[in-house]
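Please look over the sequence and the model first.

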Amino acid sequence: MTDRDTMTDQDNRTLTVTEPGAVPWLSVVFGYGPMLPFAAGAAAAWWLGGTRGGAWDGTWGGTRGETWGGVMLSLTTLWGCAILLFLSGVRRGLSFRTEGGPTWVQIATMLGLFLLGFSALVLTAGGAPGPALVLLIVGFTGIAVLDPIAARRGEAPLFFARLRPLQIPIAIVSLCALLALTL
């Protein structure tokens, strides 16, 4: 039996972590990979004639006057909701391993990202893509600004300071292009 097998809830554990400042290759793949649907979706929505002031009406092929561009607008917006909700979970997960325990900033950031993502999801489902896109833009802008700060404070991996400023603007620019279709 090892010391690990005999631990109780009252025992403490000391973790020593060494992390590189360079972005690991897997984080490049899983960082930039999810950004591709943003760019592709925004380009497709424009190319396929996304409708101004509307989104997908729930029918395939636009039988009620909607275009495939509207379908792409909705799907890309939903993708943004999913990714923002995922990133709120990443923030919560990181807080479990913060030295000294979660900080109020980590919890507030996680809750803010979650509420923005969930509200955008509800708005998208309710047929209000414009306001949903605004919330997503706010959320992703927050990540682009706050994750490098969190990395410097030891609340996120060091490589977030290098990855996020290059990764997240892909989503932001794409979401802004989609927002322009709704105006």
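## A residue and its helix neighbours

T109 is buried, with a relative accessible area of 12%; buried means under 20% relative accessible area, with a 1.4 Å probe and protein chains only. This is a predicted model, in which local features need pLDDT of at least 70 and side-chain atom pairs pLDDT 80 or more, while totals for chains, interfaces and linings use all residues. Residues are numbered from 1 along each chain as its sequence is written, and side-chain values use heavy atoms, without hydrogens and water.

T109 belongs to helix 4 (residues 104–125); helices are DSSP runs of H or I with at least four residues, numbered from the N terminus. Leaving aside residues up to four places away in sequence, T109 touches R91 and L146, where contact means heavy atoms within 4.5 Å.

| Pair | Angle | Axis distance |
|---|---|---|
| Helix 3 (residues 68–95) and helix 5 | about 35° | 10 Å |
| Helix 5 (residues 129–153) and helix 6 (residues 160–182) | about 170° | 9 Å |

Axes are lines fitted to C-alpha atoms over the stretch in contact, and angles run from 0 to 180 degrees between N-to-C directions.

The contact between helix 3 and helix 5 includes R91 of helix 3 and L146 of helix 5. By class, this contact of helix 3 with helix 5 has 13 nonpolar, three polar and two charged residues. Ala, Val, Leu, Ile, Met, Phe, Trp, Tyr, Cys and Pro count as nonpolar, Asp, Glu, Lys and Arg as charged, and the others, Gly among them, as polar.

Conventions
Helix = DSSP H or I, 4+ residues; strand = E, 2+ residues; numbered from the N terminus. Buried < 20%, exposed > 50% of the residue type's maximum accessible area, 1.4 Å probe, protein only.
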